[in-house]
Amino acid sequence: MPATRFIRYDNHEWRLSQLARRYHLAPGTLSRRLDRFGETATGIARALATGILTREQSGRRGALKSPWRYEANR
């Protein structure tokens with residue numbers, strides 16, 4: 001069982017799972033974002049403000065970046 005992770009944000013001490021629920025994020029998603037952005041005030045704000053993509057949005061974004069993208073004008 002993983003240890004409880006506490007985050008200090010907005011003058012309040014939050015358990016990671018509570019903070020994730022409040023911002024409609026999965027706890028694992030928030031944890032990975034905090035690992036990447038850091039637990040500074042700016043990093044926490046960025047982790048919470050970064051949106052969640054739907055499956056369709058994610059597919060479109062990946063298709064735009066893919067080197068195998070279909071070219072209609074061949």
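Buried means under 20% relative accessible area, exposed over 50%, and partly exposed in between, with a 1.4 Å probe and protein chains only. The model is predicted: local features need pLDDT of at least 70, side-chain atom pairs count only at pLDDT 80 or more, and totals for chains, interfaces and linings use all residues. Residues are numbered from 1 along each chain as its sequence is written, and side-chain values use heavy atoms, with hydrogens and water left out.

Select E13 and R8. Their side chains form a salt bridge of 3.9 Å, N to O (a side-chain nitrogen of Lys or Arg within 4 Å of a carboxyl oxygen of Asp or Glu). E13 is partly exposed at 44% relative accessibility, and R8 is exposed at 54%. The structure holds four salt bridges.

Next, select R5, which is partly exposed at 23%. Its side chain meets that of D35 in a salt bridge of 3.3 Å. R5 lies in the segment before β1 (6-9) and D35 in helix α2, so the pair ties together parts 30 residues apart in sequence. D35 is exposed, at 56%.

R5 and E39 form a salt bridge of 2.6 Å, N to O.

Finish at S31, in helix α2 (residues 27-37); helices are DSSP runs of H or I, at least four residues, and strands are runs of E, at least two, numbered from the N terminus. S31 is buried, at 19%. Leaving aside neighbours within four places in sequence, S31 is in contact (heavy atoms within 4.5 Å) with R5 and L16.
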